[in-house]
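Colleague: I have a model open and want to learn how to read it. Can we go feature by feature?

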Amino acid sequence: MKKKIQTAEIADKISVALSNLENSVPRSFKETFTFKGRKSPEIICKVLEVLTNENDVILDPFLGTGMSIIATQRTNRKFFGIELDNYTYAIDKVLFEKIDYKLLASYFKQIEDAVKEKVMYLYETDCCGEKNYIKKVLFDPQNGKEGYYNPSPNREIVDGCNIKLIYKCHKCGSNTKKFEDIDWNKLIQVSKIDVSSFPKDTYLVNSRIGSVNIFV
Ligand SMILES: C[S@@+](CC[C@H](N)C(=O)[O-])C[C@H]1O[C@@H](n2cnc3c(N)ncnc32)[C@H](O)[C@@H]1O
Ligand SMILES: [Zn+2]
């Protein structure tokens, strides 16, 4: 015989448990997920405590901000979640997936070994005859070459030095310098690099059309 669920009774219990409880979704999550219907972990904790027991398995088929992940952890429940939207799922994964920091560091090292030298080459400059690298160039893009050599005053440009360097120069002790011919030549050289083989893949589409993502 089917067991009849006493919905009115459950609704009463939930409404008592939630009385005087604000729906205070953490700000960072509010800014990340803009859709309506977000529930704070505190609300979900209360609902879980009314309806379920420790170690129960909880399924949230509309994961959204993933607040149910936080709530199930706080209340010692096991968890499965489903999210349709690729963007939301990808962000949930970034925010909640367990990170193996050693493995992550090894991936960064692999990337560094493969491309760091090539990437740094693009930013190479010199100061007082010593090799250095560009961190930032302040320039007026609308003024062409002149916009690099003589950009309009800006609070970040001190003494006409519109290049910020990655390393402090050993000779002059500064970490800024003026834009010079070496920098213009580098710019021209870099703009001629053949980028036709660069990947054009799109890794993440903010779309509600897609396969359903399962979060475990
Ligand atoms: C109202 S929001 C989530 C509310 C959630 N309680 C929270 O606090 O964020 C609903 C979520 O369900 C997702 N969704 C909608 N239809 C779905 C479906 N058929 N399968 C899986 N997820 C779905 C949406 O993409 C959205 O992220
Ligand atoms: Zn110098």
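Colleague: Start with overall extent. What radius of gyration does the chain have, and what would a compact globule of 216 residues have?

Modeller: This is a predicted model, so read each value as a property of the prediction. The chain has a radius of gyration of 27 Å. A compact globule of 216 residues would be near 17 Å. Next, take the box along the principal axes: the C-alpha atoms fill roughly 85 × 40 × 35 Å.

Colleague: How many helices and strands are in the chain?

Modeller: The chain holds 8 helices and 7 strands.

Colleague: Now helix packing. At what angle do the axes of α1 and α3 cross?

Modeller: Read the distance between the axes, then the angle. Helix α1 spans residues 7-18, and its axis comes within 9 Å of that of α3. The crossing angle is roughly 140 degrees. Angles over 145 degrees would count as roughly antiparallel, so α1 and α3 are oblique to each other. Their crossing is right-handed.

Colleague: Which residues meet there?

Modeller: From α1, take Ile10, Lys13, Ile14, Ala17 and Leu18. They meet Ile43, Lys46, Val47, Val50 and Leu51 in α3. By class, this contact has 8 nonpolar residues, no polar ones and 2 charged.

Colleague: And how do α3 and α4 cross?

Modeller: Helix α3 covers residues 41-51 and helix α4 covers residues 67-74. Their axes come within 8 Å and cross at roughly 50 degrees. That angle makes α3 oblique to α4. The crossing of α3 and α4 is right-handed. On the α3 side, Pro41, Ile44, Cys45 and Leu48 make the contact. On the α4 side, the residues are Met67, Ser68, Ile70, Ala71, Thr72 and Arg74. The contact of α3 with α4 divides into 7 nonpolar, 2 polar and 1 charged.

Colleague: Last, the ligand. Which residues come nearest to ligand 1?

Modeller: List the shell, then pick out the nearest members. There are 15 residues around ligand 1, and Gly37, Phe62, Gly64, Thr65 and Leu84 come nearest. The shell around ligand 1 has 7 nonpolar, 4 polar and 4 charged residues.

Technical notes:
Residues are numbered from 1 along each chain as its sequence is written. Chains are lettered from A and ligands numbered from 1 in the order in which they are written. This is a predicted model: local features need pLDDT of at least 70, side-chain atom pairs count only at pLDDT 80 or more; totals for chains, interfaces and linings use all residues. Axes are lines fitted to C-alpha atoms, for helices over the stretch in contact, and angles run from 0 to 180 degrees between N-to-C directions. Helices (H or I, at least four residues) and strands (E, at least two) are DSSP runs, numbered from the N terminus. Angles under 35 degrees count as roughly parallel, over 145 as roughly antiparallel, 65 to 115 as roughly perpendicular and the rest as oblique. A crossing is left-handed if the near helix is turned anticlockwise from the far one by less than a right angle, and right-handed if clockwise. Two residues are in contact if their C-beta atoms, placed from the backbone, lie within 7 Å. Ala, Val, Leu, Ile, Met, Phe, Trp, Tyr, Cys and Pro count as nonpolar, Asp, Glu, Lys and Arg as charged, and the others, Gly among them, as polar. A residue is near a molecule or strand if its C-beta atom, placed from the backbone, lies within 6 Å of it. The radius of gyration is taken over C-alpha atoms; the globule rule is 2.2 Å times the number of residues to the power 0.38.
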